[in-house]
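Please read it alongside the sequence and the structure shown here.

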Amino acid sequence: MDLKTYIESGILELYVLGQLSPEEEKEVQDMQAKHIEIQREIHEISLSLEKYAQLNAIKAPAQLADRIFENLPSKSSGTTSSVNNTVVTPTKTGLSWNTLTTFFALLSILGFSMYFIQKTDHNSAIQKYESDKKACDSISQQQQQLFAIINQINDPYNKIIDMTPTAGYAGISVYLHYNVVNKKNFLQLVNLPEITSDQAFQLWSLKDGADPMPLDVFVDNNKIIEVAFVDNTATYAITIEPKGGSKSPTLERLIGTMGVI
Amino acid sequence: MYQHYSDALYGIISRILKRQEDAEEVLQVVFLKIWNNIDSYSETKATLFTWMAQIARNAAIDRSRLKSFEMDNNTRSFEMSESELKTDAGISGIDIHTLIKDMPVKYRLLIDKMFLQGYTQQEISDEMEIPLGTVKTRLREAISQLRDQLKDEKHLLYMLFIM
């Protein structure tokens, strides 16, 4: 959902009215931390409702203030005894109790928000570390795969065999990187025919006097992939099979062969 | 803080609790709660007034539930009718209807009920006979209109606040 739709959904109004579930509330707070527009919108909504409440204010009975301040527990010891009078009629000299209260309230708000900001920073740093670590891990995995391919290609025993396409597949190009010493095979898929989503390519090992042995099934193209190496294979072949592969090759869909002997 | 906010909070409480003694008692409770919990208030989450208004609404609704339970009557009674709202004047003596004169009554009622009286979305849906899913968007429209109106009346409001 884009920001505009999110803002216009009315969720921020419900947030200011305190009518969201704890999960939704958390979501809005996360969005607010991320997007200045949302922060600004929430602030505007809050201010307009505050003004509305001020417009709808009803004068609280004057003697109520006395009772309220009488009943407030003291937060610091020894300052409450003569508080009552100063509360309702703040003196003009020195700091009134009211001013002090406001001051300490503001101070604690400031302290708390600083703590909150630092905590948010800390959490986002941890999150960033986690996601960077994931990215690093996946890059190093890719790198290992690439190293394996480069090692194979640079190996003195590596042989590159150009696939011989069958009549219907002229122009199709695949190279087999074949290494009989370390017994590894890589297929360099340069240009394979288009297949449908319910089809796949399959590699086969062909030996004299034996049935074709089904090997790797893949849908990649323009890529180098490692595939099975089978001892004493005379020829490797690639066919198009139903998705998931077959037990015996569909010879009408034989793309080409790579003879290794 | 008391001087600046008590009347606005008392306005909210008095709309939920009609009896003056109840409203006064709850205002006391509310300031005690604010006093005790000011450390848990976070500026990054809500404005100070939003936070205080929430405490006021909840405390007043709790009290009204308690009362209706005592009276063996489980439904909250909302006595503020449309006609009452029309004659309702704010503390300043300026009729707020002249301030937000162009706002449709249905929007004013919605804000009054949800913001000043603490109706839930479900209660609004039942009472105003609008689908539950519409309450959220209707509220958005209502508050947007309020914001526009207040923008136009900025100079008047300014006068009101310095009074």
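The largest nonpolar core has 59 residues, of which B:Leu9, B:Ile13, B:Leu27, B:Val30, B:Met52 and B:Ala56 touch the most other members. At least two of its residues come from each of H2, H4 and H5 of chain A and from each of helix H1 (2-16), helix H2 (20-37), helix H3 (48-70), helix H6 (105-116) and helix H8 (132-152) of chain B. A nonpolar core is a set of buried Ala, Val, Leu, Ile, Met, Phe, Trp, Tyr and Cys residues joined through C-beta atoms within 7 Å. This is a predicted model: local features need pLDDT of at least 70, side-chain atom pairs count only at pLDDT 80 or more, and totals for chains, interfaces and linings use all residues. Residues are numbered from 1 along each chain as its sequence is written, with chains lettered from A and ligands numbered from 1 in the order in which they are written.

- Leaving aside residues up to four places away in sequence, B:Ala56 touches B:Leu9, B:Ile12, B:Ile13 and B:Val30.
- Another core, of 18 residues, lies apart from the largest one and includes A:Leu187, A:Phe201, A:Ile238 and A:Met258.

**Chain A against chain B**
- In chain A, 42 residues are in contact (C-beta atoms, placed from the backbone, within 7 Å) with 47 residues of chain B.
- H4(A) gives the most to the side of chain A that touches chain B, with 12 residues.

**Chain A**
- Chain A has seven helices and nine strands, taken as DSSP runs (helices H or I, at least four residues; strands E, at least two) numbered from the N terminus.
- Of the 261 residues in chain A, 22% are buried, meaning 20 or more other C-beta atoms, placed from the backbone, within 10 Å of their own.

Note on methods. Two residues are in contact if their C-beta atoms, placed from the backbone, lie within 7 Å. A residue is buried if 20 or more other C-beta atoms lie within 10 Å of its own, exposed if 12 or fewer, and partly exposed in between; C-beta atoms are placed from the backbone.
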